[in-house]
Amino acid sequence: MLKKIMKGGRKPSKSDPNDPSLYGFGQPTGRSPMANVVVNHASRAGPGLASPTAGGSGAVATPPPMGSIEPLPLFRDVAVSERQNLFLRKLQVCCFQLDFSDTLKSVREKEIKRQTLLELVDFIQSGSSKITETCQEEMIKMISINIFRCLPPASHENTGQENADPEEEEPYLEPSWPHLQLVYELLLRYVVSSDTDTKIAKRYIDHSFVLKLLDLFDSEDPREREYLKTILHRIYGKFMVHRPFIRKAINNIFYRFIYETERHSGIAELLEILGSIINGFALPMKEEHKLFLVRALIPLHKPKPVAMYHQQLSYCITQFVEKDYKLADTVIRGLLKYWPVTNCQKEVLFLGELEEVLEATQAAEFQRCMVPLFRQIAHCLNSSHFQVAERALFLWNNEHIVSLIAQNRNVILPIIFEALEKNIQSHWNQAVHGLTVNIRKMFQEMDTELFEECQNQYAEKQSRAKEVEEQRELTWKRLADVAAQRGGEDMVTV
């Protein structure tokens, strides 16, 4: 019985179309003169037809049993009353999945399917005839059969390099892209079409379909991610009922990336979608959106590959502050929490983002976080990596930030004065030295009395430090002398 259960629990293995060979094809541009044909087999349906769970419910209609490839007419060559039936038959052709691991295999069949997909795209785009609900259901099933698949292992898994830099890896290009692109184009045209009734379409573009679309964002092929980004954005805009679900699903992808894998190909594209979504948030902002900022967006600064998506992340963060200026304190403290300790390139990115956030920060929020903020900036000013020090000094080129600093100079100057003096005295880079001199002069002109007070405090501190150092050396000398007298030849003095 146990053996029977174990055998019954096994799932059939899926074919893996992960060959690096590429069957190239450009953007779909209009109708091809070549007639379409139906691929039918006498004993079985195509590989994709036996998957009723690939989007929507029910089974895909099987082509009538035929032992040969028969041509199908073009839409323009049949009566209007016959076009819906012809549409279904063309969908059946496109349900057949072909092996792209060998570019010389099934060349004729691949071209037949490509031409059929081209005509389906053209038919939907032209809007010459509204398609029935049955046709819409079958179309989503055909699309699901083609696009929902097991993605190949990530490049670093193939090479065995766990710590490989994603920026240096060559992107994987999907060998089936000549067909896959047209399937995505068909889905996009269907979603954006003014003839598509969302009340009907949401039965087939449901939560399950959206989740599978989101899973595909981990594709290493940048062309596929670009299509997915556009399609999901349009779905979010058209299907209002799906909006909370989409936001929550993206949340979950981020959580897994931050706290488990630190490996995902589509974080940048998902953040691009969110940037547009955040831009449309109504005010006052919902608590749900603020929690998303604190629990997902800010922690996205933590993973090592943050440089891969930092531009999009920075835009989302800045959008939140521009929408609600009271969030500036939360964002700045979040940046300080995840501030890099040893990664200088990452630190330069953080400083750039900090400037954008401060640009949208008001005086009250600035005052709440300025002490920890300028302690960190003082540390950056003294960085031996000249790009970090230079980027920190560039903050003073921003008029809004300078005005905030000027209003709170009594607190800020004492914090950073020592860092400025150290740069002038000993920083190795001439550009950093010159910028520091300019900022020191700016503070001196801003408030001479305060500057002199800080200068005196710094001089006293340096004097005390020198006295302490002299006292320490004297104490060690006395200890060495005593040890030498008591220990005789067995003692070693330094």
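**Exercise 1.** Which residues in α15 meet which residues in α18?

Before we start: this is a predicted model, where local features need pLDDT of at least 70, side-chain atom pairs count only at pLDDT 80 or more, and totals for chains, interfaces and linings use all residues. Residues are numbered from 1 along each chain as its sequence is written, and side-chain values use heavy atoms, with hydrogens and water left out.

*Solution.* 
- Pick out the contacts (heavy atoms within 4.5 Å): Glu-355, Leu-358 and Glu-359 of α15 meet His-400, Ile-401 and Leu-404 of α18.
- Sort them by type: three are nonpolar, one is polar and two are charged.
- Now the geometry: α15 (residues 344–359) and α18 (residues 399–407) pack at about 75 degrees, their axes 9 Å apart. Axes here are lines fitted to C-alpha atoms over the stretch in contact, with angles from 0 to 180 degrees between N-to-C directions.
- Since 65 to 115 degrees counts as roughly perpendicular, α15 and α18 are therefore roughly perpendicular.

**Exercise 2.** Work out whether Gln-312 is buried or exposed, and what it touches.

*Solution.* 
- Locate it: Gln-312 sits in helix α13 (residues 310–323).
- Check the cut-offs: buried is under 20% relative accessible area, exposed over 50%, partly exposed in between (1.4 Å probe, protein chains only).
- Gln-312 has 17% relative accessibility, so it counts as buried.
- List its partners: beyond neighbours within four places in sequence, Gln-312 contacts Ala-268, Leu-271 and Glu-272.

**Exercise 3.** Decide how enclosed α4 is.

*Solution.* 
- Of the 15 residues in α4, 13 are buried, so the helix is largely enclosed by the rest of the structure.

Conventions. Helix = DSSP H or I, 4+ residues; strand = E, 2+ residues; numbered from the N terminus. Parallel < 35°, antiparallel > 145°, perpendicular 65-115°, else oblique. Nonpolar A, V, L, I, M, F, W, Y, C, P; charged D, E, K, R; others polar.
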